[in-house]
Amino acid sequence: MTHPFTDTDHFLLGTFSSNCSGGMTVSKLPNRWKADWPGNLRLGKLLDDAGIDFMLPIARWIGYGGETNFHGYVLETVTWATALLANTKNITVFVTAHTAANHPVVVAKQIATIAQISDNRVGLNIVAGWNKPEYDALGLTLPDDHETRYGYAQEWFDIVKKLWAHDGAFNWDGKYFKLKNTYGNPRPTLAPPIFNAAGSGQGREFASRNADFLFTPAIDLSRSKQEVADLKQQGKDNNRNVNVLTFSHVICRPTEAEAKAQWQLLQDNADWVAVDNLIALQFAHAQSFPHDLLALIRERMAAGHGGYPLVGTPQQVADGLCALHEAGFRGTTLSFFDYAEEFPFFRDNVLPILEARGIR
């Protein structure tokens, strides 16, 4: 039986990184997103009531330095997701798990438990690893090559899947894991939807074999259309239906001038030390962004963590979302400078346009 989340036929919308200080905005402004529990609970209820599809967290253990130590304050994703699901009725909430930092037997049981609590509204976002200072903070070694990282991640997820599907105990004699008399009980009644963000060839091969939804940046939509088509074909080559998602940053205001002024305010008050630390790590250990678009990415990294900018009036923001849909994306995450304060305006003014156009 397939999961209702993967069967949804409209353009998917979710939020990203509301569990992290600053969200997706690397800003020194004093009213930047705090990411505390009251704010996340308020946001979760707003999203749930509005019919937004999902919430996706980032798993972090140290920040990016600079004046603000962007992402230095982060709510842990398993407990965050569980609490949100206990306080909502319809929205799907994802757990983000780094394979190196989380044992697959533990994660399998955590997700199965949350699935029971939430009537299967939990998803799993798998991260194979890229942030070397974070590995150092955890006393772990980040392999230099993507082959090792994704080989480990594949075995990790193979164990999770077997724990969810196998009735009874089993032994596991793999390259990275040696398990004796292990089993999964309880097991989810539906296989949770799986997210994975991938930029490298090895990462995209992993996603096409395992994920229901692959995340990739939308830097240039003329590039994206072919890229999305290629990624979907890669999934078909593995006998799987893999949908492609992206992430976006929203600055929606009554007038274009107000929206552009807010964008400029974020640029003028960016924590550029943290931005450059983030970019340096991304380019050293991950392959998420095209290297030939570094200058453009730097500006977008300050306001949106590299996400696609949706800046303007409700009509213009809706146009941008429709352009993502037309490029082949199955949906996008949304981030805001202040999620809970800004989402209601988006809800009241952008969602009706998307519904009228038939993508929601």
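The expected span of a helix is defined as 1.5 Å times one less than its number of residues. Helices (H or I, at least four residues) and strands (E, at least two) are DSSP runs, numbered from the N terminus. The model is predicted: local features require pLDDT of at least 70 and side-chain atom pairs count only at pLDDT 80 or more, whereas totals for chains, interfaces and linings use all residues. Residues are numbered from 1 along each chain as its sequence is written, and side-chain values use heavy atoms, with hydrogens and water left out.

Helix 9 (residues 256–268) comprises 13 residues, and its first and last C-alpha atoms lie 18 Å apart, close to the 18 Å expected at 1.5 Å a residue. Its buried residues are Ala259, Gln262, Trp263, Leu266 and Gln267; buried denotes under 20% relative accessible area, exposed over 50%, and partly exposed the range in between (1.4 Å probe, protein chains only).

A nonpolar core is a set of buried Ala, Val, Leu, Ile, Met, Phe, Trp, Tyr and Cys residues joined through side-chain atoms within 4.5 Å. The largest such core has 89 residues, of which Leu124, Leu321 and Phe346 touch the most other members. Helix 6 (residues 146–165) gives the most to this core, with eight residues. Apart from it lies another core of 15 residues, including Tyr64 and Trp130.

Histidine 71 is situated in the loop between strand 2 (54–56) and helix 3 (77–86). Its side chain makes a polar contact of 3.5 Å with that of serine 17; such a contact is a pair of N or O atoms within 3.5 Å, where within protein one must be able to donate a hydrogen and the other to accept it, and residues adjacent in sequence count only if both atoms are side-chain atoms. With neighbours within four places in sequence left aside, the contacts of histidine 71 (heavy atoms within 4.5 Å) include Tyr64, Arg60 and His305.

The whole structure contains zero disulfides, a disulfide being a pair of cysteine sulfur atoms within 2.5 Å. The sulfur of cysteine 252 has its closest cysteine sulfur in cysteine 322, 13 Å away, and is therefore too far for a bond.

| Buried residue | Relative accessibility or accessible area |
|---|---|
| Histidine 71 | 1% |
| Cysteine 252 | 7% |
| Cysteine 322 | 8% |
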